[in-house]
Amino acid sequence: MKKPPRDLSQLLHQQGKFPEIAEKAELLLHLDNHVKQVLTGPVSQQLKVANLRQGVLVIETTTAAWAARINFQKAKILQQLQAETLPMLSAIEVKVNPSLFLYATKPKTNNNKITKAAAEHIEALAEHTEGSLGIKLKRLAALASRSRQS
């Protein structure tokens, strides 16, 4: 009999060097979010925390102009990261990586729209459904008509 498939996150945290790699990836993701909170505005969309090695945080950005803006705020970032998350952090290195343009996150547009016909069908279904499901269907139909007005 075959073994059931195992969750990838379980495999990452069990064998060989995978736990170390997964832990470092989670740390870099956390640091990326933290740095983006420290640097508000458009500069936060132009950077990515790339690595942390020997107490040096490596931040990549898309152009030299953004790198200069980040370099002006390096002391602030370093001080805040040392105080809140990484006391062992000794320096921040900013590198230009033009290929980040390829991976830049585009603002997500909300395409969750319900047509008028679909809203009418949901409303009709809600009329014939009892209990909490009927109430939820009515709310969904009302939400669809509100989103069309705005």
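Two residues are said to be in contact, or to touch, when heavy atoms lie within 4.5 Å. The views below show a predicted model, in which local features need pLDDT of at least 70, side-chain atom pairs count only at pLDDT 80 or more, and totals for chains, interfaces and linings use all residues. Residues are numbered from 1 along each chain as its sequence is written, and side-chain values use heavy atoms, with hydrogens and water left out.

**View 1. The surroundings of Ile-70.** Leaving aside residues up to four places away in sequence, Ile-70 touches Leu-39, Val-43, Leu-47, Ile-59, Thr-61, Ile-77 and Val-94.

**View 2. The largest nonpolar core.** A nonpolar core is a set of buried (under 20% relative accessible area, 1.4 Å probe, protein chains only) Ala, Val, Leu, Ile, Met, Phe, Trp, Tyr and Cys residues joined through side-chain atoms within 4.5 Å. The largest one has 21 residues, and those with the most contacts inside it are Val-35, Leu-57, Ile-59, Ile-70 and Ile-77. Helix H2 gives the most to this core, with 4 residues.

View 3. Helices (H or I, at least four residues) and strands (E, at least two) are DSSP runs, numbered from the N terminus. In H4, residues 74-84, the buried residues are Ile-77, Leu-78 and Leu-81; seen down the helix axis, they fall within an arc of 95°, taken from the directions from the axis to the C-beta atoms, so they line one face of the helix. The face turned away from this buried side carries Ala-75, Gln-79 and Ala-83, which are exposed (over 50% relative accessible area).
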